[in-house]
Amino acid sequence: MTEQVPALSASRSDLRVHPAWTDSAFAAATARTHAHCHPAHGSFIDSLTGVYNRAYVTGRAQQWLRSARAAHVAMIVVNLDCFSRINDMADYDLGDRLLRSVAQRLAGRVAANDLLARIGGDEFVIVTDGDRDVPTLPAYARQILGLFAEPFVIAGRAYRVSASGGVALGAVHSRDAAVLMRDAGAAMRRAKTQGPGSLRFFTGDMHEAAQRRFAIEERLRGALDAGEFRLAYQPVVNAAARETVGVEALLRWTSSELGDVSPAEFVPIAEQAGLMESIGGWVLAQACAQVADWRWNIAPDVTVSINISPVQFNEHLVQHVAECLANTGLEPSALQLEITEGMLMPDDPTIGATISALTRMGVRLAIDDFGTGYASMSYLKRFSPHGLKIDRSFVAGLPHDKDCAAIAHALVRMAHACAISVTAEGVETEEQASLLREMGCDFLQGFLFGRPGSAAECSGKLSRASRFATRREQR
Ligand code: C2E
Ligand code: MG
Ligand code: MG
């Protein structure tokens, strides 16, 4: 159905953000709008938040892009960081209320002639109408992201939520509203890779990246059923004796059309596309079964580390872990779940509840890539993980980079003071291994001790390691 877009008025005063109201008037005005909404107008409004919807704003932006001021029109796409965590925290009502508060805050800041719309679950767009000079856009976009500096108070509780933004310009990027919105979205996704609260302007290479992303998302949807995933296992050795004591399970995907795609590329896409819960569930079941088998047949003490995506970290995970342990007979203490620092949002009760439930079950938890995220020391105290993995970016600088050495050493001492064991990732040279051992690192992982390999390759290594251990014990 073609969207009927109201004609462009001379004064443009009717083009204000809808509803372009002050905070206090927002709720009342939203109710009023809906109560009196003509059905035709109702279709312009996002019923949850009261701001415009995607169809309306696209049509209106298209009119602007055909007008004389097209070169000054821009789109700013704003997407909340970690919104799924908020939805997981309680019920959807909390998420809905947050989205309404966000809409309200944005509406209070968006310039009078600009348009504000919600264009997806937690995604908003602001279309600037051309009165604004392009050089002022970065400051404007930053002011909009700055609105998220203050927490959102919902039912008496404060929630800290940041947002990332992407900007595309009618002058440079496209005169087609849908394309401009897509490009601003691609810029926003690129911004997200730089961390929460980031802002990026669209550049040509993002178009290719967006196409690649789209292709990956499409292919990922059928990848589990097509049996395109497998797991690789990388040995983890104890620093003192350099014996393999565990493995990290690492996901591998060979797409029939795209070939091998790195998890660093496809995992974030799977997370955003809502596919990571099922893929992560498969990883968990597969790795538990494999390691239970190794413990039974080859290496009775070997443990397994499994990476858990933030979107998996909820009560379903607790249930699934319990099922996997029951089905495979794997002892809970042989399973370590790796979570990243960014996941540990201090305000989030779901995280706390999930950590407690897993810990009660006897499963171990480790913080992966430590030092690359927020690295808040208070997280260590609050969530008391069993292990911490020093990110390989610090290890790569060893032994010569004094800062890397100082940081790695400090992390080991701090972790040990909290009775947390330390694994160094990405150990590639003998010098690094020796230095890390001197620093007191408990475990080492990296190409020096073995690259991630198939279960069959790993079986060979584990059986050799266990034969050595048996011989040593017999001596
Ligand atoms: P990670 O969990 O930190 O895994 C370690 C990564 O470092 C792996 O990359 C591994 O191959 C690589 N690596 C290990 N030793 C060395 C070394 O000595 N030098 C260098 N340069 N690299 C080394 P990989 O397999 O490409 O995985 C990348 C990331 O993808 C992982 O980082 C993890 O965050 C994510 N990932 C992998 N599998 C899964 C999974 O099953 N679920 C989730 N949620 N994420 C996964
Ligand atoms: Mg890991
Ligand atoms: Mg890591």
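**The sheet and its surroundings**

Guide: Strand 2 (residues 73-80) and strand 4 (residues 123-129) pair in the antiparallel sense, with seven bridges between them. Within this pairing, Asn 79 stands opposite Glu 123 in strand 4. The model is a predicted one, and what follows should be read with that in mind.

Two helices can be described against this pair. Helix 6 (residues 137-146) packs on the sheet, where it touches strand 2, strand 4, strand 7 (163-169) and strand 8. The direction of helix 6 makes about 155° with that of strand 7. Helix 7 (residues 177-192) also packs on the sheet, and it touches strand 2, strand 3 (115-120), strand 4, strand 7 and strand 8. For helix 7, the angle with the direction of strand 7 is about 140°.

Six strands form it, in the order 1-3-4-2-7-8. The sheet is open, and its pairing is mixed. Strand 1 (52-53) and strand 8 (199-201) stand at the edges, each with a single partner strand, so one side of each has no neighbour in the sheet. As background, strands of a sheet pair through backbone hydrogen bonds, in either a parallel or an antiparallel sense.

The wider chain comes next. The protein chain has 17 helices and 17 strands. Of its 475 residues, 41% are buried. Among contacts in the chain with a separation of 6 or more, 67% are between residues 24 or more positions apart.

The largest nonpolar core has 71 residues, and Ala 287, Cys 288, Val 291, Val 422 and Leu 444 have the most contacts inside it. Helix 10 gives the most to this core, with nine residues. Leaving aside residues up to four places away in sequence, Val 291 touches Val 302, Val 304, Leu 330 and Ala 334. A second, separate core has 52 residues, including Ile 45, Trp 64, Ile 76 and Leu 80.

Last, the ligand. There are 24 residues around ligand 1, and Leu 251, Pro 263, Asn 307, Ser 309 and Gly 446 come nearest. Strand 10 (244-255), helix 9 (263-272), helix 10 (276-297) and strand 14 (364-370) each supply at least two residues of this shell. Helix 9 gives the largest share, three residues. By class, the shell around ligand 1 has ten nonpolar, eight polar and six charged residues.

Note on methods: Residues are numbered from 1 along each chain as its sequence is written. Chains are lettered from A and ligands numbered from 1 in the order in which they are written. This is a predicted model: local features need pLDDT of at least 70, side-chain atom pairs count only at pLDDT 80 or more; totals for chains, interfaces and linings use all residues. Helices (H or I, at least four residues) and strands (E, at least two) are DSSP runs, numbered from the N terminus. A residue is buried if 20 or more other C-beta atoms lie within 10 Å of its own, exposed if 12 or fewer, and partly exposed in between; C-beta atoms are placed from the backbone. Two residues are in contact if their C-beta atoms, placed from the backbone, lie within 7 Å. A residue is near a molecule or strand if its C-beta atom, placed from the backbone, lies within 6 Å of it. Ala, Val, Leu, Ile, Met, Phe, Trp, Tyr, Cys and Pro count as nonpolar, Asp, Glu, Lys and Arg as charged, and the others, Gly among them, as polar. Two strands pair if DSSP finds at least two bridges between them. Axes are lines fitted to C-alpha atoms, for helices over the stretch in contact, and angles run from 0 to 180 degrees between N-to-C directions. A nonpolar core is a set of buried Ala, Val, Leu, Ile, Met, Phe, Trp, Tyr and Cys residues joined through C-beta atoms within 7 Å.
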